[in-house]
Amino acid sequence: MKVGLNFIKEFFKVNVTAEELAEKLTMSGLAVESLKKEKNDWIFDIEVTSNRYDWLSVMGIAGEAAAALGKNVAINYPKVVSLSKYKDKKISIEDIKDCSVYTGRYMQNVRVGRSPGWLCERIRGCGVKEINTVVDIANYCMLKWGNPLHVFDADKIKGNIHIRRAKSGERFFGLDEKERRLATDNLVIADDEKIIALAGVMGAENTKVDDKTKNIFIEGAVFDPVCIRRSRRAVGIDTDSSYRFERKVNPAYLQFAVQQTVNLLVQLCGAKDMGACQTGRKKSIQHKKIILEFNKVREYLGAQLTDNIIKNILAGLGCDVKKHSVGKINVLVPQHRLDLLREVDLYEEIARFYGYDNIPTDIPVISNTVNREGLYHFKNKLRSLMITLGFSEIISYSFEDQKLLEELGYSRFVQISNPLRSQENVMRPTLVTGMSKVFAYNFNRGIKNCKFFEIADLYFRAKTITEKPFLAVGIAGGREEFLLLKGVFNNIVKYFNLDKIIFENKPINNFTNALVLKINGKELGFIGKLDSSAAKILGISSDFFFMQINVGLLMDIEKTKKYSKFTQFPAVSRDISVIMKNNTQFSIVENIIMQSGAEYISGIEIMEFYKGDKIEDDALACTVRVHYCAKDRTLRSDEVDHMDNAIRDKLLQCSDLQLR
Amino acid sequence: MKEALDKINNEFQKDYESISTQQDLEALKIKYLGRKSELNGLFSNMSKLSSQDRGLFGKEINLLKQKITDTINSKILSAEKNELFFDVTLPGTVNTFATEHILITVLKQICSTFEQLGFSVVEGTEMEDEWHNFSALNIPLEHPSRDGFDTFYLDSGATITEKTGQYLLRSHTSPSQIRMMENLTPPIAVVSPGRVYRPDEVDATHSFMFHQVEGFVVDKNISFANLKGVLLKFARTFFGPEVKLRFRPSFFPFTEPSAEVDVSCIICGGGKNKQIKKCPVCKDSGWLEILGCGMIHPNVLKDCKIDFKKYQGFAFGMGVERVAMLRYGIDDIRLFFENDKRFLEQFYVE
């Protein structure tokens, strides 16, 4: 809310500079976002928190400012004159829940003109445009007291006043010169023929006060906050009036706001007050009584406040403080503070005016029954492994385009009901789209040699909705990158000390040459090369290799490490050169070697692949080095030769293999 | 003997002039200095000489041996020089190192600061319901206090109960506070980091996805002074030992009293650094807003079935992007999610 310093000065004598006042207000919870000098006034732009409807009035802000400076405000409550009842119009309220009280004031012979300078300055300082004397006076009183009012051209109202819900499809042409279709969520003010206002939100063009207006009807009412909120949201308008009604208005000030409007209209426009009418009842405000214990205040805030400081702060806020019993007081909160309901609300008021900065700092001994959570730390371990292996971390959006995912063959998504854009309308069930977009982004900028990983949740929809953490690893380049990813996975197996992994050659949607990673019968993830149609959909121009692993499953099978003895005796090696014909896979060679009964094999290593003269097109020559080692002695040369020969025999038994 | 020495010397000179390759040089070395060389053979003949001659002659042999050695070595040295010419002015190899995402680094640093104080890290879920994101946090339905929390709702197909309300993407990390308090008995001290979502149009300072860290403590005798103490300790560990904090009264539905916390500007030191005029980061206010906090509202404790007469607590929450942007002078939030390699590689794990 914007307010000028001169308006605040109507309530008390401000004896500090505007800057000092801004600082005081900020430190007591009225954050001054900007302070500007305008002519001979200072304009404060204040962020009002949603709990303090009273700060949506200049009176409320002045009260706070005065309390912060240790001063009192002088409020000139206008004398409420109850003239003879105005009988020409009957007011009917359809549902008292929507509108608890509706008052009308009829005035004749109003001169509509331009407002005097002081009035223009006041409302302009609050960011409200001047329109004409009548409207400006109503706005001035709203700003001052916090109660929105509306003024109709009384001659344009036909018959009685009805406060009712709109019928579905009814039309409303507002003062903003826009037409809207209403529904039953909208509360309206109508006469016998037409809608004359969208209650609490905006008046209608058809009863607008203009230069020709002679007689006016002033509306002062209390509307239900939720009702107004729904109504204005349904038609997409937010006005100074609805903003206040939504946050509650204080019924106690309604009569003052109306009376001052009447007084000013008499004074400035020569209007004649013809009487009031009212339907509904002003809800009587119960002055909340809170019992406060001094020791509790000190304990809760952790500050050694004396009883007197506490009492003085509360009194300064307008509370009526009386002794309750030993160490306790009865606090009667003032009528403008409907937000003070319980002890903690008073603790806050005491802390605010004592000064948050004056409360000491004290580090408590933290006791905790909560166990260290595994997942967060497991993900960090995985993260540091990936970085050690040379992959950089990315963070991509959790949203994805449903159309794109459907093109890739995914179905069943967690959908977003109110997406910002259609490209971000579902929660992603895969990390490949986010990862490949990052590669495409970098490629398009000429940035190559990307090796990325991401750890993020995926979202699944079955009977219920679930989210699970996954690891994605991506790399672009030649076919050897597939083996790099396989190697990375082997590193993961080693790092987390996993049981034996099975690589299963199995087709995966959108990938060629895919391998499914299995452990104890469970699918942990997969490695694959993005196939050309998926690459096209995802805008990737080079070969792209991708691995995705279920992090939760990985964590479940992680095993603690123990030292295992290694042999002190040297290993002996023998090389075997084998030609694999008819596209025989290496795993066949590997299995034969490993299962050949050679109990001393400590490992095998591929020395080279060879393709060329003398080797047929669908064959590949490969030199494998087999390492032999015993735990208790150095192996003799003849022992190793014996094992080597046994392997060679076994290899020869396979018709697709040939030794060189 | 003298003749023998002269002969060796002459032969050596001749041989030495005729060598052309490294092998020749090696051969020369073996011929004249090796174990079976003529020169070595002379030593074994010395036993036949008188002790006086032996001393004199021994000296002569050694002199010649030294001369041959020096000549050969100088040749080797010059050969090596030529062969091992290496241009040390060539640029160093470009080594790339992998990097952790800067947001994760900052998030981890925030969490570990609190872990050192005795907090546990527990991550919540991103898909939540209205009860945990709003109602249990004392944010009633249809209340203006919800306006600050515009939210993405989910069409989940899952059954909605009156209590849980609709499914949504959490708009802050506070729902994990509720989940913890529902399931655990105090004392509790937890920090909960993660992704949060709000339907904000993307620009330099807004993103519909960002990260927060939520923290809270529930125990007997927890006071507002404790909240101040813990956050000051955090700020000094995280931003530096000299920073100051400023607590400003504010409003959050789930805390009472509530505060917004500013840290003295980490760029201009809150005006202390006289060299910086017109600080672009704090706009000369000297303060940077970094987090919101307060004492947990009794309604929140009550909804989580915690006896609010016996226990009280504090809670706080901060945006990871904001902290990272302040600390590293990053001026556009979109950089975090574009994942440009040139951006990612500027940060490494500290």
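A:K529 touches A:F482, A:F511, A:T512, A:N513, A:D543, A:F544 and A:F545, leaving out residues up to four places away in sequence; touching, or being in contact, here says that two C-beta atoms, placed from the backbone, lie within 7 Å. This is a predicted model, where local features need pLDDT of at least 70, side-chain atom pairs count only at pLDDT 80 or more, and totals for chains, interfaces and linings use all residues. Residues are numbered from 1 along each chain as its sequence is written, while chains are lettered from A and ligands numbered from 1 in the order in which they are written.

A:K529 sits in strand β26 (residues 522-530) of chain A. Helices (H or I, at least four residues) and strands (E, at least two) are DSSP runs, numbered from the N terminus. A:K529 counts as buried because 20 other C-beta atoms lie within 10 Å. The cut-offs go like this: a residue is buried with 20 or more other C-beta atoms within 10 Å of its own, exposed with 12 or fewer, and partly exposed in between, with C-beta atoms placed from the backbone. Ten residues along the chain from A:K529 comes A:G539, and their C-alpha atoms are separated by 15 Å.

A:A476 belongs to strand β23 (residues 465-476) of chain A. With 23 other C-beta atoms within 10 Å, A:A476 is buried too. Setting aside neighbours within four places in sequence, A:A476 is in contact with A:F439, A:C450, A:S542, A:D543 and A:F544. A:F546 is 70 residues away from A:A476 along the chain, yet their C-alpha atoms are separated by 8.7 Å.

Strands count as paired if DSSP finds at least two bridges between them.

Just after α6(A), A:G236 takes a positive phi of about 70°.

Now for where the chains meet. The contact takes 71 residues from chain A and 74 residues from chain B. Helix α11 (residues 343-354) of chain A gives the most to the side of chain A that touches chain B, with six residues. Sorted by class, that side of chain A has 32 nonpolar, 22 polar and 17 charged residues. Ala, Val, Leu, Ile, Met, Phe, Trp, Tyr, Cys and Pro count as nonpolar, Asp, Glu, Lys and Arg as charged, and the others, Gly among them, as polar. The chains also share strand pairing: strand β20 (residues 414-416) of chain A and strand β3 (residues 154-155) of chain B pair in the antiparallel sense over two bridges. There, A:Q415 stands opposite B:D155 in β3(B).

Chain B itself is split into domain 1 (2-83) and domain 2 (102-344), with bounds that come from an automatic or database domain assignment. The C-alpha centres of these two domains lie 85 Å apart. B:K36 lies in the loop between α2 (22-33) and α3 (38-45) of chain B. B:K36 counts as exposed because it has 8 C-beta neighbours inside 10 Å. B:K36 and B:K220 are 184 residues apart in sequence and 94 Å apart in space, C-alpha to C-alpha.

Strand β10 (residues 312-319) of chain B is mostly covered, with eight of its eight residues buried. B:Q312, B:F314, B:F316 and B:M318 are on one side, and B:G313, B:A315, B:G317 and B:G319 on the other. Strand β6 (residues 209-219) of chain B pairs with β10(B) in the antiparallel sense over eight bridges, and B:G215 stands opposite B:F316. Strand β9 (residues 287-296) of chain B also pairs with β10(B) in the antiparallel sense, over five bridges, and B:M295 stands opposite B:F314.
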